[in-house]
Amino acid sequence: MSDDPKDQLDALSTSFREEVEAALDEDALYAVQVKYLGKKGLVSRQRAHMGKLAPEQRKAFGQAFNQTKGALEQLLAARREALTEAARSLRLARREDLTMLAQRRSAGSLHPITHTRRRLEAVFRGMGYDVLDGPHVEHQQYNFDDLNFQPDHPARDMQDTFFVQGRAGTDVDPLVLRTHTSPVQIRAMLTRPPPVRVIAQGTVFRRDDDATHSPMFHQIEGLCIDRGVGMADLKATLYRFVQAFFGSDLQVRLRPSFFPFVEPGAEFDMQCPFGREPSCRVCKGSGWIELGGSGMVHPAVLDAVDIDPEVYTGWAFGFGIDRMAMLLHAVPHMRLLFESDVRFLEQFPC
Ligand code: PHE
């Protein structure tokens with residue numbers, strides 16, 4: 001490079017211009033600015049030459065320096081504006097590209113069982129019931145013994161029940177995956193003095209697997225313990241529930257049945273909300289849908305939890321939430337409810 005300060009200034013101007021042109025974004029531009037025009041930048045340092053020049057040259061160099069510096073600053077400002085503008089129009093162009101495929105956001109929704117369960121709970125809450133859940137791994141005592149299941153009852157069989165720890169006749173406290181929500185009746189009565197009005201809901205487990213049974217499913221159960229309650233209160237409650245849930249005047253009927261923890265025991269059916277069509281896939285033309293089991297709490301169960309059966313009576317009922325969801329939505333196979341297949345689940349936008 002020439003020793004002449006003016007030549008040096010010109011050479012710096014040239015490389016400055018090149019580098020400014022090459023800077024493609026704000027950061028790169030700033031780096032060039034610091035390199036040349038910063039306090040100790042290449043151009044700024046040229047000012048030091050002033051002191052070494054003869055007085056007659058000094059003025060001319062001073063003018064040239066200021067001119068050059070001014071021009072470079074203008075160049076920098078122009079480039080900065082151009083870059084900002086380019087970035088802006090790129091952003092706008094991206095945003096307004098109508099040829100871009102729209103990204104469909106899936107909103108997600110409640111699982112049909114959760115949706116059904118929440119609706120069921122809301123109905124019973126409205127009637128003054130507390131909603132409870134209990135542990136899935138349950139004492140055999142609460143799942144069977146205190147509910148008056150005899151030691152040889154077939155439900156206790158390995159065929160029906162998942163044993164988690166111990167078997168009858170051993171010293172270990174036998175634990176099972178609860179086969180129904182009824183042990184929550186025991187837990188409720190052990191912890192709440194009567195009157196008791198509770199709903200128990202949650203997951204239950206049985207060794208069962210076909211189109212309408214799954215080894216894991218969900219139940220909802222009602223329990224009412226008070227002085228002087230009877231079968232008529234049970235039926236009235238079921239009737240009110242069906243009305244509130246399905247929103248129309250559907251009848252409920254009880255059919256004698258057996259469950260060890262109720263006496264008398266009954267299965268309960270509701271009238272099919274789709275009428276009595278011979279071709280109806282829900283009630284198969286019978287006009288009635290089987291919902292679940294019910295009955296008056298057995299005195300032996302009240303004894304087991306130290307409630308005097310001479311003073312208090314009570315009723316209970318229980319049915320499957322999954323079956324209810326299947327009925328409501330005409331789901332052909334229970335497994336569909338548990339496979340988490342989005343194509344199935346997105347059909348329930350609730
Ligand atoms: N626990 C019973 C079952 O799982 C249902 C039931 C509940 C029956 C309450 C009577 C009273 O089949």
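View A. A polar side-chain atom of Ser 182 comes within 2.9 Å of a nitrogen atom of the ligand, a polar contact in the sense of a pair of N or O atoms within 3.5 Å. His 180 also faces a ligand nitrogen atom, with a polar side-chain atom 3.0 Å away. For Arg 206, a polar side-chain atom lies 2.8 Å from an oxygen atom of the ligand. The protein buries 90% of the 330 Å² that the ligand exposes when taken alone; these accessible areas come from the Shrake-Rupley method with a 1.4 Å probe. Please keep in mind that this is a predicted model, in which local features need pLDDT of at least 70 and side-chain atom pairs count only at pLDDT 80 or more, while totals for chains, interfaces and linings use all residues. Residues are numbered from 1 along each chain as its sequence is written, and side-chain values use heavy atoms, with hydrogens and water left out.

**View B. The shell around the ligand.** The ligand is surrounded by 13 residues, and Gln 219 and Ser 294 are among the closest; a residue belongs here if one of its heavy atoms lies within 4 Å of the ligand. By class, the shell has seven polar, four nonpolar and two charged residues, where Asp, Glu, Lys and Arg count as charged, Ala, Val, Leu, Ile, Met, Phe, Trp, Tyr, Cys and Pro as nonpolar, and the others, Gly among them, as polar. Strand 6 (216–226), strand 9 (288–297) and strand 10 (313–320) each supply at least two shell residues, and strand 10 gives the most, with three. Strands (E, at least two residues) and helices (H or I, at least four) are DSSP runs, numbered from the N terminus.

**View C. The rings of Phe 241 and Phe 319.** There are 16 aromatic pairs in the structure, counted when ring centres of Phe, Tyr or Trp (its six-membered ring) lie within 6.5 Å. The centres of Phe 241 and Phe 319 are 5.5 Å apart with planes at 35 degrees, so this pair is tilted, neither stacked (under 30 degrees) nor edge-to-face (over 60). Because Phe 241 sits in helix 9 (residues 231–246) and Phe 319 in strand 10, the pair ties together parts 78 residues apart in sequence.

**View D. Backbone details to look out for.** Most peptide bonds are trans, and most residues other than glycine have a negative phi. Pro 194 and Pro 195 are joined by a cis peptide bond, with omega about 5 degrees; Pro 195 is in the loop between helix 8 (183–191) and strand 5 (196–205). Another cis bond runs from Glu 263 to Pro 264, with omega near -5 degrees. Lys 284, in the loop between strand 8 and strand 9, has a positive phi of about 55 degrees although it is not a glycine.

Notes: A polar contact is a pair of N or O atoms within 3.5 Å; within protein, one must be able to donate a hydrogen and the other to accept it, and residues adjacent in sequence count only if both atoms are side-chain atoms.
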